[in-house]
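Open the structure in your viewer and keep the sequence panel beside it. Each stop below says what to select next and what is there.

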Number of protein chains: 2
Amino acid sequence: MDVHISLDGRRDLSGQIYRQLRAAIRDGRLRPDDALPPTRELARRLDVARNTVSVAYDRLMGEGYLTGRVGSGTFVSEAGTPAHAVTQGSALRPRPVWDSIAPWPSQDTAPVTYDFRVGVPDTGLFPHATWRRMLGSEQHGYGNPVGHKGLRAAIARHIGVSRAVRTGPGDIVITSGIQQALDLICRVMLEPGDRVAVEDPGYPPAHLLFRSLGADVVRVPVDDEGLCVDALPPNARIVYVTPSHQFPLGVPMSLRRRTALLDWARRHEALVIEDDYDTEFRFGGRPIEPLQNLDSSGHVVYVGSFSKTMLPSLRIGFLVAPAPLRQALRAAKYVSDWASPMGTQAALARFIDEGLLARHIRRMRREYQARHELLTTNLPSWLTLVPCAAGLHVTALAKDDPAPAVTRMRAAGVAIMTLAECSRSESAAPGLVFGYGAITSTGIAKGLELVR
Amino acid sequence: MDVHISLDGRRDLSGQIYRQLRAAIRDGRLRPDDALPPTRELARRLDVARNTVSVAYDRLMGEGYLTGRVGSGTFVSEAGTPAHAVTQGSALRPRPVWDSIAPWPSQDTAPVTYDFRVGVPDTGLFPHATWRRMLGSEQHGYGNPVGHKGLRAAIARHIGVSRAVRTGPGDIVITSGIQQALDLICRVMLEPGDRVAVEDPGYPPAHLLFRSLGADVVRVPVDDEGLCVDALPPNARIVYVTPSHQFPLGVPMSLRRRTALLDWARRHEALVIEDDYDTEFRFGGRPIEPLQNLDSSGHVVYVGSFSKTMLPSLRIGFLVAPAPLRQALRAAKYVSDWASPMGTQAALARFIDEGLLARHIRRMRREYQARHELLTTNLPSWLTLVPCAAGLHVTALAKDDPAPAVTRMRAAGVAIMTLAECSRSESAAPGLVFGYGAITSTGIAKGLELVR
């Protein structure tokens, strides 16, 4: 055999011999039935102890690369060699749908001075030290797929009091944020090709999920009363809505539309997913009750999270499901990722039970209300505010396509989203969406000057 | 109108009136166009101030339940009333597949004294205080779907050194344990009805996931060299294997079979998922290199987790994917749950970088080796050990069905699994699986007496 072995220094000589022979077998330089030099001969050639070579040979034999034949020596075995020529890169390809799915919003690499991004809370005002004290509780097992019992009880009380959601701990499944709640519901309900109705404009991450699952996603227009129920396609299996604070317009769904939507869902045996995001930050008016509370026929799944009331990095959300879906949702959570981290769940249960979540929400509501007022009263005259009394962002309509202005703003360090980014239809109203969770009042004032 | 309103005490009288009227409208006792009594009249009837009633009426008007008509009074509006009779419970049903999917192993409610459960590490020996110090790092945003950069680098180094996995941080996606890694791969690769080949006996949670996604799951026998590659169905799109430590038998896949499997995957353009669980706890012999290292054509996705080396409650795992699948896997993670919790990821990166993971693994390896020896040298004579030099469990074959004996053992407080629970085939070999992660040496000795 003519395999070249070169030793470097005096360390791990056996290992060096082993690796070089193995590479030679694997890349085809040594072929099945090639004879290896006797250990004594190779040792002399390489100027090492015979045992050094023997150890390498033994290891290769143990792994099946070499075989010894009594009386005739050591040979390359069939097992370790590739039957075909090695090719770099395979023909394996993802399903085609993934070509058109990318995280939203696309990550902006431009430096940001004035951060009007949507859906980002102010994490600087979070009581981090308190939260750290609560972490690291004694929860070490795989956990229950539906979630920590104490957390489910705490959430049931919290949303029962603050949102009149009719629920108990047994109805709740803890999820990794709203996104996983939507995914679990789809796993349980959707067959490939099933139709899902969404709001237009609407919340892109949800739409991307539905598309990735092979659903037929139908966009239904939104007006100043929320989703246009009359425009729903008759065979939708799921209707995904944001009734408290339409994303991104901010309008609440009127009671008339809520009643109509529930009636529609009953007649068509469709499931309504109620994404009740941003409802904790309400600055005026009385919230209309959630669909979940108005629904008496089990056609609503209510979903929520703590990403905006606490921290996006928590990745804790939940769903409240009607009885016929609960077992399947539990199994869907289990096959998806077994359970959400129990330590974080236990800490969150304490955080809610000790009143710290309610206190933080009260504090942040005052803060966000101040930013909301500053923003809405100082919008430049070329923008018309869409009335809205809640949440972490406002939408403003423009007469013309704001894209050229946005390009200039972004160059000046303003991170901002256009309304068109929440819609795929050509007829999307021109407008801008201003988030104020990640920007201080001072920043808002200065940023608006640039927008103006 | 004859709606009965009864007030309790003197607190929140407006709220009491509001809620009772709303309930009457919603359940149909009050119907559209019914007139409400004038505020003055109702106030007198209820013996409250007129303003108390006005506030309730205003709130119901604001929410659309009532309308005021100038000069004629207050009426129930159409909007708030259900168009159909209210029915309890809907006809909504989960997809039929979910009827047969339940978390595995089924939760045993019997009290456990001798815990031979499989796949559960000893969390009592984990350095909890050290870990707690690392939690709560400054990671508050939604995070990158592929995971924390420092953690991906730390994992790449860790598995590069300990397992010769050829990878860099850019190849890795952080997941919520192995289960989510499998789910992401399926989302990216599988069309409904696609065939997935699995080991028989094998790892039930993976099989449940594949079935729930609509895959055609084909069970392929395992012998003392691991998966019988010759028995693979020709049109499998994915082959899921546990080559380091076959689950549950514990045998490693021979080099010959590894080479054959890779060759098979290349020829059939199938993806091999290599679940390299339990490989850190090896008590003898030299590990065969992972398929990922032997694969030069990009047909292997390597998956691993920290559930057994650290804590199951962490819910952190990872996958190492060939280049053509990476963008899609990133998008799949994003639509699934946006990203795994960044704080835990940052803490884990530190834990690995500071050598604490390696130290904990060394310590646990000694501990588990002692338990492994105790168990394998003291098995009752009616059981035959399947040779195995790694992991957190051993399998032993019985001559007859051990189910009756297991029933008696469980009644005596022994938690143990049968081999049949990892197989759906009638011909499953009779046997028992002994986990030793959750039981001390003393417990093993006493538990084995009961098994005997």
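**Stop 1: strand 17 of chain B**

Select strand 17 of chain B. B:Gly431, B:Val433 and B:Gly435 point one way, B:Leu432 and B:Phe434 point the other way, and all of them are buried. The strand covers residues 431–435, and five of its five residues are buried. Bear in mind throughout that this is a predicted model.

Now bring in the neighbours. Strand 14 of chain B, residues 393–398, pairs with strand 17 of chain B in the antiparallel sense over five bridges. Pick B:Val394 and look across: B:Phe434 in strand 17 of chain B stands opposite. Next select strand 16 of chain B, residues 417–418. Two bridges pair strand 16 with strand 17 of chain B, again in the antiparallel sense. Here B:Thr418 has B:Leu432 as its bridge partner. Strands of a sheet pair through backbone hydrogen bonds, parallel or antiparallel.

**Stop 2: the eight-strand sheet of chain B**

Stay in chain B and show the open sheet of eight strands. In what order do its strands run? The order is 5-12-11-10-9-6-7-8, and the pairing is mixed. Strand 5 and strand 8 (226–227) of chain B are the edge strands, each pairing on one side only.

Are its faces covered or open? Both are covered. B:Ile172 and B:Ile174 lie on one side, B:Val173 and B:Thr175 on the other, and all four are buried. Strand 12 of chain B, residues 317–320, runs antiparallel to strand 5 of chain B, and four bridges join the two. Select B:Ile174, then find B:Phe318 opposite in strand 12 of chain B.

Strand 7 of chain B spans residues 216–223 and pairs with strand 8 of chain B over two antiparallel bridges. B:Asp223 stands opposite B:Gly226 in strand 8 of chain B.

**Stop 3**

Select B:Arg195 and B:Asp216. Their side chains meet in a salt bridge, 2.8 Å from N to O. B:Arg195 sits in strand 6 (residues 195–200) of chain B and B:Asp216 in strand 7 of chain B, so the pair ties together parts that are 21 residues apart in sequence. B:Arg195 is partly exposed at 26% relative accessible area. B:Asp216 is partly exposed too, at 31%.

Next, show both chains and select A:Asp183, A:Arg187, B:Asp183 and B:Arg187. Salt bridges that share partners join these residues into one network. The whole structure holds 40 salt bridges over all chains.

**Stop 4: two salt bridges in chain A**

Move to chain A. Select A:Arg326 and A:Asp171, whose side chains form a salt bridge of 3.1 Å, N to O. A:Arg326 lies in helix 10 (residues 326–337) of chain A. A:Asp171 is in the loop between helix 5 (149–163) and strand 5 (172–175) of chain A, so the pair ties together parts that are 155 residues apart in sequence. A:Arg326 is partly exposed, at 27%.

Then select A:Asp115 and A:Arg117. They form a salt bridge whose closest N and O atoms are 2.7 Å apart. A:Asp115 counts as buried because its relative accessible area is 12%, and the cut-off for buried is under 20%. A:Arg117 is partly exposed at 43%. Side chains of opposite charge can pair when their charged atoms come close.

**Stop 5: a positive patch on chain A**

Turn to the surface of chain A. Select A:Arg359, A:Arg362, A:Arg363 and A:Arg366: together they form a positive surface patch. Zoom in on A:Arg366, in helix 12 (residues 356–377) of chain A. A:Arg366 is exposed, with a relative accessible area of 59%.

**Stop 6: a buried cysteine in chain B**

Finish in chain B, at helix 6 (residues 177–189), and pick B:Cys186 there. Is B:Cys186 buried or exposed? B:Cys186 counts as buried, at 2% relative accessibility. B:Cys186 and B:Gly15 are 52 Å apart in space and 171 residues apart in sequence.

Conventions. Residues are numbered from 1 along each chain as its sequence is written. Chains are lettered from A and ligands numbered from 1 in the order in which they are written. This is a predicted model: local features need pLDDT of at least 70, side-chain atom pairs count only at pLDDT 80 or more; totals for chains, interfaces and linings use all residues. Side-chain values use heavy atoms; hydrogens and water are left out. Patches are made of residues with over 30% relative accessible area and no salt bridge: like charges are joined within 9 Å, nonpolar side chains (Val, Leu, Ile, Met, Phe, Trp, Tyr) within 5 Å. Accessible areas come from the Shrake-Rupley method with a 1.4 Å probe; for residues, only the protein chains shown count as cover. A salt bridge is a side-chain nitrogen of Lys or Arg within 4 Å of a carboxyl oxygen of Asp or Glu. Lys and Arg count as positive and Asp and Glu as negative; His and the chain ends are not counted. The place of a charge is taken as NZ of Lys, CZ of Arg, CG of Asp or CD of Glu. Buried means under 20% relative accessible area, exposed over 50%, partly exposed in between (1.4 Å probe, protein chains only). Two strands pair if DSSP finds at least two bridges between them.
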